[in-house]
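I opened this notebook page to record what I looked up in one structure. The entries follow in the order in which I made them.

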Amino acid sequence: MKIPIMLTVNGEDHRLEVKPNRTLVDVLREDLGLTGTKKGCGGGKCGSCTVLMDGLPVDSCLVLAPQADGREIVTIEGLAKEGKPHPLQEAFVAKGAIQCGYCSPGMILSAKALLDENPHPGEGEIRSAIAGNLCRCTGYSKIVEAIQSCGLRDREEKNE
Amino acid sequence: MSDLNVVGHSHPQIDGMEKAMGQTQFVSDLVLPNMLHGRILRSPYPHAHIKHIDTSRAETLVGVKAVATYADTPGIRFGPRTEDWTIFARDRARFCGDEIAAVAALDEDTAEEALDLIEVEYEDLPFVTDPIEAMKPGAPLIHEDLPLNSRSRQGMWMRHSRTRTLSMKIVITPTRCTRPIWSRWAHW
């Protein structure tokens with residue numbers, strides 16, 4: 001018994017029929033082919049499935065697809081505009097904040113949610129915002145630096 | 001240095017932006033034509049004798065293409081330092097999660113169903129979960145062909161200084177359980 005839902009993903013509307021127990025992460029990855037969102041633990045502990053739902057970061061493995069009906073979803077694929085990377089993506093690469101890359105999509109989206117709400121976060125605020133995104137490779141230092149540099153960049157641009 | 005293009009210069013990670021954009025295809029992102037889906041049957045017991053495995057019901061489930069256990073392997077032992085791993089558990093499960101069997105099927109649901117159809121007869125064995133306890137005589141042995149649960153190991157560690165090379169030999173015995181060996185040589 002499938003349920004009809006309407007998801008707006010990265011600005012595009014998708015009308016889908018889904019079984020009620022399917023998760024948003026599976027619908028994004030399998031039905032929409034958006035594999036940028038990763039599935040790490042499948043149980044809401046690692047954050048690699050983080051997407052923005054109506055602007056808020058959520059673990060998409062914990063969102064049932066019908067719960068996302070009518071919502072605006074932003075995945076990592078939605079950050080770049082016409083091929084031009086988002087400043088956060090530039091910063092992550094510039095600061096060496098990416099190693100294997102598995103946590104990066106979720107991490108970047110959590111950072112985006114933070115900067116959207118708090119454009120100049122301090123280190124503590126950054127660490128708190130990414131607390132739900134686990135990284136096994138980097139030790140988080142470079143990730144924090146990358147996010148901080150985006151905050152600083154904003155401030156510099158405003159001062160000019 | 002100035003006439004070198006790579007050495008002495010900072011270079012961005014070759015695949016950094018691709019990863020930042022979510023474009024990198026990890027294994028679980030791949031979708032290939034006629035792809036099968038696999039699942040592993042894992043031991044629920046920390047230590048158990050595997051008395052019998054019956055895969056017949058899993059093998060005959062429609063959509064299942066293959067079921068494998070230790071019996072289907074050449075039984076090669078491997079491991080990074082000691083060759084004490086086999087790809088599937090041979091006669092005993094040695095931890096919760098030890099691989100007992102694997103299935104490949106047309107879709108994930110079928111593969112999961114097939115796992116439930118594999119019948120394994122386990123005999124619970126005593127287990128240890130503490131390293132100090134595991135080293136005591138009389139502790140349940142993890143490998144039947146080793147007299148103790150820890151290895152005597154000789155390692156060669158090379159420490160390079162600018163003027164000379166020193167080599168240091170460390171012997172780790174089962175009775176010693178002090179600070180981690182890495183702490184002294186963390187800088188290299």
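In which hand, left or right, does α2(A) pass α3(A) in their crossing? I noted first that the model is predicted. I then found that the crossing of α2(A) with α3(A) is right-handed.

**Entry: geometry of the pair.** I looked up helix α2 (residues 87–94) of chain A and helix α3 (residues 104–117) of chain A, whose axes come within 10 Å and cross at roughly 125°. I therefore recorded α2(A) as oblique to α3(A).

**Entry: residues in the contact.** From α2(A), I listed A:Leu88, A:Gln89 and A:Phe92. On the side of α3(A), I listed A:Met107, A:Ile108, A:Ala111, A:Lys112 and A:Leu115. Sorted by class, I have six nonpolar residues, one polar and one charged in this contact.

**Entry: burial along α2(A).** I recorded A:Leu88, A:Gln89, A:Ala91, A:Phe92 and A:Val93 as the buried residues of this helix. Just after α2(A), I noted that A:Gly96 has a positive phi of about 70°.

**Entry: the chain as a whole.** I found five helices and five strands in chain A. Read from the N terminus, I wrote the order of elements as β-β-α-β-β-β-α-α-α-α. I noted 49% of the 160 residues of chain A as buried. For contacts with a separation of 6 or more, I noted that 54% join residues 24 or more positions apart.

**Entry: dimensions.** I recorded a span of about 55 × 35 × 25 Å for the C-alpha trace of chain A along its principal axes.

Conventions:
Residues numbered from 1 in each chain as written. Chains lettered and ligands numbered in written order. Predicted model: local features only at pLDDT ≥ 70, side-chain atom pairs only at ≥ 80, totals over all residues. Heavy atoms only, no water. Axes fitted to C-alpha atoms, helices over the stretch in contact; angles between N-to-C directions. Helix = DSSP H or I, 4+ residues; strand = E, 2+ residues; numbered from the N terminus. Parallel < 35°, antiparallel > 145°, perpendicular 65-115°, else oblique. Left-handed = near helix turned anticlockwise from the far one by under 90°. Contact = heavy atoms within 4.5 Å. Nonpolar A, V, L, I, M, F, W, Y, C, P; charged D, E, K, R; others polar. Buried < 20%, exposed > 50% of the residue type's maximum accessible area, 1.4 Å probe, protein only.
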